[in-house]
Each structure stands twice: as C-alpha cells, then as structure tokens.
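Subject: Structure handover

Hello,

Here is the structure I promised. Please look it over with the notes below.

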Amino acid sequence: MKHVIALDVGGTGMKAALAGPGGEVLHRARRATGRTQGADAVVAGILDFAAELHAHGAERFGTPASAAGVAVPGIVDEADGVAVYAANLGWRDVPLRELLEQRLGVPVALGHDVRTGGLAEGRVGAGRGADRFLFVALGTGIAGAIGVDGRVEAGAHGFAGEIGHIVVRPGGALCPCGQHGCLERFASAAAVSEAWATASGDPGADAADCAKAVDSGDPTARAVWHQAIDALADGLVTALTLLDPRVLIIGGGLAEAGETLFTPLGEAIRSRITFQKQPTLVPAALGDSAGCLGAGLLAWDLLASTDRMEVTP
C-alpha cells in the first residue's frame, strides 16, 4: 500500500505516523527527542526514528514509504531543507532534508512546526474548506500560519506568520528576539502563567490555573486574563487588517480554556475593527496531532509536485 512517513519533532518528544493516500493514519509511534544529549544526538535520533518507520512500512505493507514529511521547530529554510536554528534543540544550520534523503532513499519535505500544523488545520481541521485562514498557536510563544488556497505561506525568508513578534506594547517587556513589547510577552500561555504566578503569589501557578480562577469570579485573575486578551486582540486585529482571512483558528495551550478565552476575545476583536470584516473565530480541532498530520500532507504534496514535473513535457 502506498504511504508516506510523517514526523513531528518537538522540544521534548517526536510524534510520527505512516499515512495513506487519503490522509488515513496507518501506524503511530512516539519517541523522546533526547535534547539533553545535545544537538548531534537529536539529529541522530530523528534519522534513526525515520529509518525505523521506513522499515516498518516496508514490512507491514510490502512496499517502503514513497516520501517523508518532517516538521521541526525554530527557524526553518523550507526551500533548501535546512533546520536553521532551534534554541530548544540546540542546533544550527542542519541540512536535515539532505540527511534524511540519504538515509531513507526517498524525497523528503521539511517544514516549520507551526506552519505545518496550520496546514493540517486549514485543510482537514477547523479551517477545512476556507480559502483564506490564519492559524495562531498560543503556547510557550505565539506563532501563526497564513493559509491561502490550501497551502501555507512561508514568506521570502521563512519568517511568515511570526505574529508573536508584532509589537503591541511599545517600550514594554523585553522579548528574547530583542524587541520590547512583543505580543508573545503578554498573551502567550507562558506570559499568562508568569503574570498569574506573580499576581496570585503562587510561583507554581500557570495559565490553566488563571483560567479556572477567572471562571470562579476571582477579580485579580480576571484582570490578568483581560490584559492578555487585550494584547492578543490588538495583535490579531493588526494581522486581520493585513491578511483579511475568512477563518481565524486559535490553538495551543491557552485555547484549552475554551469559551473563557473565545467569548471575550471575539468581543475584543469586534470592538476594535472598523472597516475590516471579522473572520469566523474557531478553536483548533486537531490538537497535538496537527503537526504530524501536516507533515503527512507535506509529503503527499511533494509527491504530487514531483509527479507533475515528471509529466511536464
């Protein structure tokens, strides 16, 4: 049976699948990333894991995978297949596509983790059927994916969708990127956790605890929560003005708060727009499987483009 390898590399773990032509998951597997052992060990682990998946597919289905799709964090040069930089994995300028193609003997597509997850959400998840969508992941940081007609825009240099670094509070908190007042310093799950831990006096408190306190009517929690929502709405309206998406998909850890997030966020966006059209605001549908599903889509897209090139006279 024709299938592809789909691999989603995270900071602590890797999720993988063998995917069929219709996107059906034929096999799933997980493995630790092993980042504490250093960048070389992480790369070796990725290659070994991919090779095991390749061998499993050949044994189970009678034929090896036709291609592989791999999603990785950090800065990614998708055109050249290079994992440029990832702070949490410790690597720089890793020619990951070339290394995987040499190991597997099949074509490989390399993608940015959030853009790859956004591709899946746009095609088979919460944005299915939308011609224009914006996917925003509210996790440790904030990143986005700009969807246009079934594909995700990487940008000229691979930085498209970095909405977390829109400055929403000029002169505000210093961001690791070097700017002051970036959106992710105020509205990411990490930022809300930090703000609530300080406000509550509990150093172990996090964003989920803040959301629970909001639901229980805690005024201090509500103040922290709405400061984050105000910042998020400011950043999103800037993005909406530039991109005019039909659907706005919100995922990541903060989105797990459900209507505690979505109801006030929708109202905050509505209060800020003037001539813009408010997009449909929806929660992400695929959870932590989005990156792996998206990696599979990258692989099938690569095969489709290769087939088109082969038949072009």
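A definition to start: contact means heavy atoms within 4.5 Å. Helices (H or I, at least four residues) and strands (E, at least two) are DSSP runs, numbered from the N terminus. This is a predicted model, in which local features need pLDDT of at least 70, side-chain atom pairs count only at pLDDT 80 or more, and totals for chains, interfaces and linings use all residues. Residues are numbered from 1 along each chain as its sequence is written, and side-chain values use heavy atoms, with hydrogens and water left out.

**α5 and α6**

On the α5 side, Ala 189, Val 192, Ser 193 and Trp 196 meet α6. Their partners in α6 are Ala 207, Asp 209, Cys 210 and Ala 213. By class, that contact has six nonpolar, one polar and one charged residues. Here Ala, Val, Leu, Ile, Met, Phe, Trp, Tyr, Cys and Pro count as nonpolar, Asp, Glu, Lys and Arg as charged, and the others, Gly among them, as polar.

The two axes are 7 Å apart, and α5 packs on α6 at about 65 degrees. Axes are lines fitted to C-alpha atoms, for helices over the stretch in contact, and angles run from 0 to 180 degrees between N-to-C directions. α5 and α6 are therefore roughly perpendicular to each other. The cut-offs: under 35 degrees is roughly parallel, over 145 roughly antiparallel, 65 to 115 roughly perpendicular, and the rest oblique. The crossing of α5 and α6 is left-handed. That term applies if the near helix is turned anticlockwise from the far one by less than a right angle; clockwise is right-handed.

α5 itself covers residues 189–200, twelve in number. From its first C-alpha to its last it reaches 16 Å, close to the 16 Å expected at 1.5 Å a residue. The expected span is 1.5 Å times one less than the number of residues in the helix. Buried in α5 are Ala 189, Ala 191, Val 192, Ser 193, Trp 196 and Ala 197. Buried means under 20% relative accessible area, exposed over 50%, partly exposed in between (1.4 Å probe, protein chains only). The cover over these residues includes β9 (132–138), α4 (184–187), α6 (207–215) and α7. Just after α5, Gly 201 takes a positive phi of about 75 degrees.

**α7 and α8**

Helix α7 (residues 219–243) and helix α8 (residues 259–272) have axes that come within 9 Å and cross at roughly 50 degrees. That makes α7 oblique to α8. The crossing is right-handed. Residues of α7 in this contact include Trp 225, His 226, Ile 229 and Leu 240. Those of α8 include Thr 260, Leu 261, Pro 264 and Arg 272. The contact divides into twelve nonpolar, two polar and three charged residues.

α8 has 14 residues. It reaches 19 Å between its end C-alphas, close to the 20 Å expected at 1.5 Å a residue. Its buried residues are Thr 260, Leu 261, Phe 262, Pro 264, Leu 265, Gly 266, Ala 268 and Ile 269. β9, α6, α7, β12 and β13 are included in what covers them.

**Val 282**

Val 282 lies in strand β13 (residues 280–283). With a relative accessible area of 19%, Val 282 is buried. Leaving aside neighbours within four places in sequence, Val 282 is in contact with Ala 126, Val 247, Leu 248, Ile 249, Ile 250 and Phe 262.

**α1 and α2**

The axes of α1 and helix α2 (residues 96–104) come within 10 Å and cross at roughly 40 degrees. α1 and α2 are therefore oblique to each other. α1 passes α2 in a right-handed crossing. From α1, the contact takes in Val 43, Ile 46, Leu 47, Asp 48, Ala 50, Ala 51 and His 54. From α2 come Leu 96, Leu 99, Leu 100, Arg 103 and Leu 104. By class, there are nine nonpolar, one polar and two charged residues.

His 54 sits in helix α1 (residues 39–61). His 54 counts as buried at 18% relative accessibility. Beyond four places in sequence, His 54 is in contact with Ile 5, Pro 64, Ala 65, Leu 104 and Val 106.

**Positive phi in loops**

Asp 149 is not a glycine, yet has a positive phi of about 50 degrees. Asp 149 is in the loop between β10 (142–148) and β11 (151–153). Asp 149 is exposed, at 55% relative accessible area. Asp 244 also has a positive phi, near 50 degrees. Its place is in the loop between α7 and β12 (247–251).

Best wishes
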